[in-house]
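The following account leads through a structure from its overall form to individual residues. Please keep the sequence and the model in view while reading.

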Amino acid sequence: MSYLSIEFGLIFVIFFAIYWAFRLLPKFQNKLLLISSYLIVGSYSLQFAVILFIYTCAIYFFSLMIAASKHHANRWLILGLVASIINLALFKYFDFFRYELQSLCNYLNLSILIPVVTVLIPIGISFYTFHSVSYLVSIKKRELPVAKFWDFALFLAFFPSLIAGPINRAKTFLPQIAVSQPRDILEPFRAFTLIILAVIKVYCLGGLISENWVTPIFSNPLEYSFIDLLVGLYAYAMQIYLNFSGYTDLVTGIALLLGFRLPINFNFPYLASNLREFWDRWHISLSHWIRDYIYIPLGGSRRGFVRTQINVMLAMLLSGLWHGAGINFIIWGACHGIGIAFLNILDRYIGRGWITERSPIVARLLTWHYICFTWLFFCCESLADALDYLNALCHNFTVEPHYMAAFISICVIFFIYPLCKNIPTWCTVQLSRINSIYLPVLFIFILWLTIYLAPSGVPNFIYANF
Amino acid sequence: MTYKKTFSKNRRNRSRKNGQQNRVLKNNTSNNNKRTKNNFKKSDCLLNNHDTLSAKKIFFLLFITGIALIAIYHRSILIYWQQTYHSDLFNSGGVTQDFIKEDSDEAIDEILLGSQATIIDHDDNVEDTNIHLIKDILIIPQPDIVKKNQTNKPENNQASLLTDLGTPKIPKHDIPLIHEPLPIVLTENDKVFFAGDSLMQGVAPYVKKMLFKQYKIESIDLSKQSTGLAYPKAFNWPKTISDNLITDPSIKLLVVFLGPNDPWDFPVKGYPKYVKFKSPIWEEEYRLRIAAILNSAYEHDVQVLWLAAPCMRKPKLNDGMVYLNMLYQSEIEKVQQHFLTTNQLLGCTYENFTSFVESDKGKIKVRVDDGVHFTSTGQKILATAIMEKIIFKQLEDNDSD
């Protein structure tokens, strides 16, 4: 069930009423949340709910063993991590590696036939795997006591962050579940702002950009000019940002209305003046997760300059592979790894922030273009498609551009974008100033206008596939 | 009851309960207060500040906003409901009792359709193909006649066909008597138009690229997810196609690929309830919609390549595809256009669904996990099959060819 659908909206309003009717019983609220989360998973497939439950039991068992065992805690941790990664890999990469494995078997003259079965990827598996890793590590580090089973089950299944993040940390999220004091709605005006911004971003702006610029240009890049193809790349970068950050805004708003705080996931990533900064602003919960659970355990930057670059590269490649099993995602990860390593080298030899100090706008422009270039591999389904696009981008200088107006408007947006930085806070403040009697009128007007301008159909959440 | 109790408690505890939120917003509001010149506004703002948002208030806020939006967009929501749940929100259930009589006709009709389909499959009975041809020639140029002829009275049809067979007339619009559809020949100046649902959305970009790469032929892809012929209120393909053919005369080929959104009951003008899928009225109406598309293509001298809806994992949907294909194929054959069966390309049959197709490299996955859509390999296979149907003619050779 999409969180932007009419059905979800209606059910949520009813759920909201029931949920807060039991404000004084937070334990009961947790049960409501757990049941509704499992119902949402079950609405995709009953199997997915069963898989999630079995996974929850298994990880809980490992956490008990880690906490109980004095001498073998480390082994149990490794066992737990391996189990969760194998689980993720089996579901996510089975199809991709089946061919490779089969051809390897054929090459080695092994008469093994790898079964041809269709493996459905359970909804949210990536995200609950991340959640569980953070929990196991926290238990091992004794940052947390072992949670109660049902609290832990809710931590993994909590519906706002189940499908496409943000990635919660056990350390900050489990205490929010295990409260005994009544919960309160957190920052309602911010929640409203986030939800309205989400509708505008995903439904209206993202939808319009996708329909008018991305889809037509990417469907046959060869017939478009250099300018058009640039528009296509810019537009995809905008679309994926609007879609994903809009989604995050929506679930963050929903969580606030339920009395939970989710981690920040986006902070105007396209204002970044270098690639490192971009990763500090884009999908923050993932990049921090990768930093804490992959990059630092690999040695981080403590083992010399060359080893640091290798660690960066490995972390980025894994990040790429996580996004999808396919050469394109690996190239995408590699591009980011190479980019950051290159930046580190520049920093070392010509000084940190050399370009940014001289011309922040040039730094931003360069970063933006490099990111757009990497999105090409993210967007195209196959390497051949991406190469076609690049090929056309390098050759179609004489073709007459169709999207000149779009190009100019994107340029204008690029330059006025820094001004948008304060919009969310400004909106929150304005909403809190308005008499609450007029709020519905305002919301109705904004949502009416947004839906009126938006193309028909509920857009997919791109990140729900990862 | 519990609601009320808790809500009233909320009201009493309101200021305490929401103190935290106030604190968060306090800074902002105090700034605002400084800015406001008007005393009245100031007090209003302060009042607002204390007037905290309880769960009850937020509930009413969400509730009112929701109701108002539903009221504003009730039409779109009804269409959405129709598309998603295939029933009328207020009048659920299809036409059943009222049309039992027609149901018996349906059986006869299905037999007839079945026989048509077999004739088409084997295509060795020249006389029979002539029957179709003559019938079509009479029907196609005049949409009004289509409506009359396409009713579910097989006896009438057969009778008229038999008389027609005796005196094969040359049609008014001079369609040559042919048994095979004319090959699709395109030049660089021609355009291809893709219409369809999400299946087409996956395939069309590949064909677009191939067409342009190989022949420099441009194309228009208007395919849109969740569309079909069943709910013209949501998306009207016959109209869209007709409009586009009028505005762009360089379109010479129409490629259609739809079906999976259609095997459901739908409303038909003049009937109070939803007409049941596969009922005679349903079929009549659906055939009219197919014919309307074929008609506008004929009027603009555009060839049609219609892709059969492939096998589906869900048995009910799969059965629906078998039936719809029968309709598509028989209508296509009537106008001597191209019908491309897709199952063998994708390695499945309607009896046996599989996501994989055998190739030299072993089994390749062509369907994604939903059992409906294609993987990019599957899309490419279909795109290549479409390309194989197209013959490219160099412009210079126009006369000699």
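The expected span of a helix is 1.5 Å times one less than its number of residues. Helices (H or I, at least four residues) and strands (E, at least two) are DSSP runs, numbered from the N terminus. The model is predicted, so that local features need pLDDT of at least 70 and side-chain atom pairs count only at pLDDT 80 or more, while totals for chains, interfaces and linings use all residues. Residues are numbered from 1 along each chain as its sequence is written, and chains are lettered from A and ligands numbered from 1 in the order in which they are written.

A residue is termed buried if 20 or more other C-beta atoms lie within 10 Å of its own, exposed if 12 or fewer, and partly exposed in between, with C-beta atoms placed from the backbone. In α16(B) the buried residues are B:Ser376, B:Gly378, B:Gln379, B:Lys380, B:Ile381, B:Leu382, B:Ala383 and B:Ile386. Their cover includes α11 (198-215), β4 (251-257), β7 (303-307) and α15 (343-346) of chain B; contact here requires C-beta atoms, placed from the backbone, within 7 Å. B:Glu388 also belongs to α16 (residues 376-389) of chain B, yet B:Glu388 counts as exposed because it has 9 C-beta neighbours inside 10 Å.

Buried in α5(B) are B:Ala55, B:Lys56, B:Lys57, B:Ile58, B:Phe59, B:Leu62 and B:Thr65.

Chain A may now be taken as a whole. It has 20 helices and zero strands. Its C-alpha atoms fill a box of roughly 70 × 65 × 50 Å along the principal axes. The radius of gyration is taken over C-alpha atoms, and the globule rule is 2.2 Å times the number of residues to the power 0.38. For 466 residues a compact globule would have a radius near 23 Å, and chain A has 23 Å, which agrees. Of the 466 residues of chain A, 44% count as buried. Among its contacts between residues at least 6 apart in sequence, 74% join residues at least 24 apart.

The domain assignment, which is automatic or from a database, divides chain A into domain 1 (6-177) and domain 2 (188-274 + 353-453). The C-alpha centres of these two domains of chain A lie 30 Å apart. Their contact takes nine residues from domain 1 of chain A and twelve residues from domain 2 of chain A. On the domain 1 side, the elements that give two or more residues are α1 (6-21) and α7 (159-162) of chain A.

What lies at the interior? A nonpolar core is a set of buried Ala, Val, Leu, Ile, Met, Phe, Trp, Tyr and Cys residues joined through C-beta atoms within 7 Å. The largest such core has 131 residues, and A:Leu136, A:Phe155, A:Ala157, A:Ala237 and A:Trp375 have the most contacts inside it. Helix α10 (residues 226-257) of chain A gives the most to this core, with 20 residues. A second, separate core of 67 residues includes B:Met200, B:Val207, B:Leu211 and B:Trp264.

A:Leu136 touches A:Ile59, A:Phe62, A:Ser63, A:Ile66, A:Leu77, A:Gly80 and A:Leu81, residues up to four places away in sequence not being counted. Helix α3 (residues 46-68) of chain A has 23 residues and reaches 33 Å between its first and last C-alpha atoms, close to the 33 Å expected. Among the buried residues of α3(A) are A:Ile59, A:Phe62, A:Ser63 and A:Ile66.

A:Arg142, in the loop between α5 (125-140) and α6 (149-157) of chain A, has a positive phi of about 60° although it is not a glycine. With 10 C-beta neighbours inside 10 Å, A:Arg142 counts as exposed. A:Phe268, in the loop between α10 and α11 (275-281) of chain A, likewise is not a glycine but has a positive phi, of about 45°. A:Phe268 counts as partly exposed because it has 16 C-beta neighbours inside 10 Å.

Methods:
Contact = placed C-beta atoms within 7 Å.
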